[in-house]
Amino acid sequence: MAHVCIHWFRKGLRLHDNAALMAALKDCKELYPVFILDPYLHHTQVGINRQRFLIGALKDLDCSLRKLNSRLFVLRGKPEDVFPKLFNMWNVTKLTYEYDTEPYSLRRDEKVASLAKEHGVDVIYKISHTLYNIERIIEENNGKPPLTYKRLQAIVQNLGPPKKPIPAPTLENMRDVKTPHSEKYEDKYRIPTLEELQLDSKFLGEELFPGGEQEALRRLDEHMKRTGWVCSFEKPQTSPNSLSPSTTVLSPYVTFGCLSARTFWWRLTEVYRGRKHSDPPVSLHGQLLWREFFYTCSVGIPNFNKMNQNPVCTQVDWDTNQRNLAAWREARTGFPFIDAIMTQLRQEGWIHHLARHAVACFLTRGDLWISWEEGQKVFEDLLLDGDWALNAGNWQWLSASAFFHQFFRVYSPIAFGKKTDKNGDYIKKYLPLLKKFPPQYIYEPWKAPRSVQQAAGCIVGKDYPHPIVQHEQISKKNIQRMKEAYAKRSSDNNESPIKKQGVKRKTPSVIDMLQKKIRKE
């Protein structure tokens with residue numbers, strides 16, 4: 001039977017290594033590539049940099065599809081409201097998409113799958129957003145998510161290397177497949193502008209990381225040519241405050257699926273072959289396995305993005321302080337290193353992972369004692385690579401709530417930045433107000449004599465805020481508070497959170513059963 005098929009693009013915004021798209025083309029006479037701007041995921045609170053990246057990725061995808069005599073159909077609304085209309089209007093018989101493990105996505109896909117069934121539409125989904133089938137990793141670990149990176153490594157070692165990526169469809173694959181074009185379709189289903197999404201683009205800075213598959217593959221090629229750099233790459237040795245990124249910045253492209261994680265993995269394998277190279281956890285392969293680690297935890301641990309009722313998360317009596325939270329979010333803490341990082345985040349949508357460590361520690365256990373859930377929300381809106389699973393996992397790690405337990409190791413908002421940038425060039429770039437301060441005061445402008453502040457044209461307390469807290473005192477107090485939270489956890493559990501090796505999963509839910517039933521793999 002020749003199908004009329006919708007391929008539903010969500011995260012896998014690419015043609016290469018897109019198994020679900022290839023499944024759509026099988027026995028297909030008409031193809032409708034669809035993207036839905038879901039108000040839940042694409043609301044106006046999401047940072048404008050992130051929205052611009054998405055629009056760029058959609059334009060690139062549309063351009064690639066047009067080269068195959070197809071196009072992208074962009075709609076707005078809740079998928080469960082949109083699809084019944086499309087099924088009827090286009091006489092659809094098959095729906096394909098890339099599997100997504102986020103709780104919201106699973107609920108959404110369950111609704112769409114049951115609507116498809118009512119309309120007699122076959123549903124096929126494929127796993128290609130992660131290196132492995134996450135459920136399989138959990139099964140291999142006796143039904144529990146591995147809670148240490150080493151354990152994850154051992155499991156994937158047994159599973160063997162990830163599947164090899166598949167090539168993008170060609171004109172030959174599309175030979176017997178039509179995508180109906182008409183003038184009314186052209187305008188009705190076009191990609192909206194930022195202004196049409198009620199976003200004001202006049203304050204946007206230069207686009208340092210344009211969205212899209214072509215840009216992702218170009219950047220990947222560029223990095224893979226630097227064989228020495230790739231082979232010797234060690235994440236902790238890179239600098240949080242270099243003026244241009246000291247890592248690949250491929251993460252936004254992997255997050256939106258403009259670049260397949262498997263393609264990245266196998267390109268690295270080619271570069272490593274026959275050469276001496278760094279190893280996980282610090283190597284580039286290691287970074288992709290960290291992603292897999294947090295994805296696995298997010299699938300296997302209930303309430304993964306919350307403190308309450310999250311079985312691996314230490315329960316901490318965080319303060320609620322809206323004034324301090326706003327100062328952190330808006331780069332007004334009075335600590336130039338922290339404020340420069342938060343300024344870069346807002347302007348560019350990306351910051352180095354060690355810079356993320358510094359501001360996350362400062363917000364939570366280091367200085368402000370504000371819940372990691374608040375930081376998670378800010379990062380989700382502002383980061384181009386804001387990924388539900390990685391964001392929740394890393395915030396738990398950096399607040400020493402789960403995975404990492406050396407809560408007594410606190411990042412100094414002063415000394416940490418100085419290690420790699422004595423002159424404060426990074427601060428001068430993102431906080432030009434402070435650029436005339438001499439290097440000995442740029443991390444602590446409040447210590448500069450009044451005459452120095454005047455000469456720099458910036459008076460602390462008037463032009464730039466006083467420090468929001470006294471780091472030396474507050475960090476000691478917070479270490480004590482963390483110690484108490486750990487002690488309480490131990491007495492509640494009669495065991496240390498470090499030793500707790502896994503959380504047995506509950507029996508499969510209806511969603512799990514339904515997802516297994518409709519998977520055609």
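Two strands are taken to pair if DSSP finds at least two bridges between them. On that basis, this predicted model contains an open sheet of five strands, in the order E3-E2-E1-E4-E5 and with parallel pairing. Strand E3 (73-76) and strand E5 (122-126) each have a single partner strand and stand at the edges, so one side of each is left without a neighbour in the sheet. From one strand to the next, the twist averages 25°.

**Overall fold**

- The protein chain has a secondary structure of 23 helices and five strands.
- Its radius of gyration is 24 Å, close to the 24 Å that the globule rule gives for 521 residues, so the protein chain is as compact as a globular protein of that length.
- The C-alpha trace spans about 80 × 55 × 50 Å along its principal axes.
- Of the 521 residues in the protein chain, 57% are buried.
- When contacts between residues at least 6 apart in sequence are considered, 78% of them join residues at least 24 apart.

**The sheet and the helices packed on it**

- Strands of a sheet pair through backbone hydrogen bonds, in either a parallel or an antiparallel manner.
- E1 and E2 pair in the parallel sense over seven bridges, and Cys 5 has Leu 31 in E2 as its bridge partner.
- Strand E2 (residues 28-37) also pairs with E3 in the parallel sense, over four bridges.
- In that pairing, Phe 35 stands opposite Val 74 in E3.
- Helix H3 (residues 79-90) packs on the sheet and touches strand E1 (3-9), E2, E3 and strand E4 (94-98). The direction of H3 makes about 155° with that of E1.
- Helix H4 (residues 103-118) likewise packs on the sheet, where it touches E1, E4 and E5. The direction of H4 makes about 170° with that of E1.
- E2 is mostly covered, with eight of its ten residues buried.

**Salt bridges**

- Side chains of opposite charge can pair when their charged atoms come close.
- The structure holds 29 salt bridges.
- One of them joins the side chains of Arg 108 and Asp 109 (2.9 Å, N to O). Arg 108 counts as buried because its relative accessibility is 4%, and Asp 109 is buried with a relative accessible area of 0%.
- Asp 317 and Arg 481 meet through their side chains in a salt bridge (3.8 Å, N to O). This pair links distant parts of the chain, with Asp 317 in the loop between H12 and helix H13 (322-329) and Arg 481 in helix H22 (residues 471-493), 164 residues apart.
- Arg 481 is buried, its relative accessible area being 18%.
- The side chain of Arg 481 also meets that of Asp 319 in a salt bridge (3.0 Å, N to O). Asp 319, again in the loop between H12 and H13, lies 162 residues from Arg 481.
- Asp 319 is partly exposed, with a relative accessible area of 34%.

**A buried arginine without a salt bridge**

- Arg 291 lies in helix H12 (residues 284-300).
- Although buried, Arg 291 has no salt bridge. The nearest side chain of opposite charge is that of Glu 292, 4.5 Å away, whereas a salt bridge requires a nitrogen within 4 Å of a carboxyl oxygen.
- Leaving aside residues up to four places away in sequence, Arg 291 touches His 129, Thr 130, Val 254, Ala 261 and Leu 390.

Notes: Residues numbered from 1 in each chain as written. Predicted model: local features only at pLDDT ≥ 70, side-chain atom pairs only at ≥ 80, totals over all residues. Heavy atoms only, no water. Helix = DSSP H or I, 4+ residues; strand = E, 2+ residues; numbered from the N terminus. Axes fitted to C-alpha atoms, helices over the stretch in contact; angles between N-to-C directions. Contact = heavy atoms within 4.5 Å. Buried < 20%, exposed > 50% of the residue type's maximum accessible area, 1.4 Å probe, protein only. Lys, Arg positive; Asp, Glu negative; His and termini not counted. Rg over C-alpha atoms; globule rule 2.2 N^0.38 Å.
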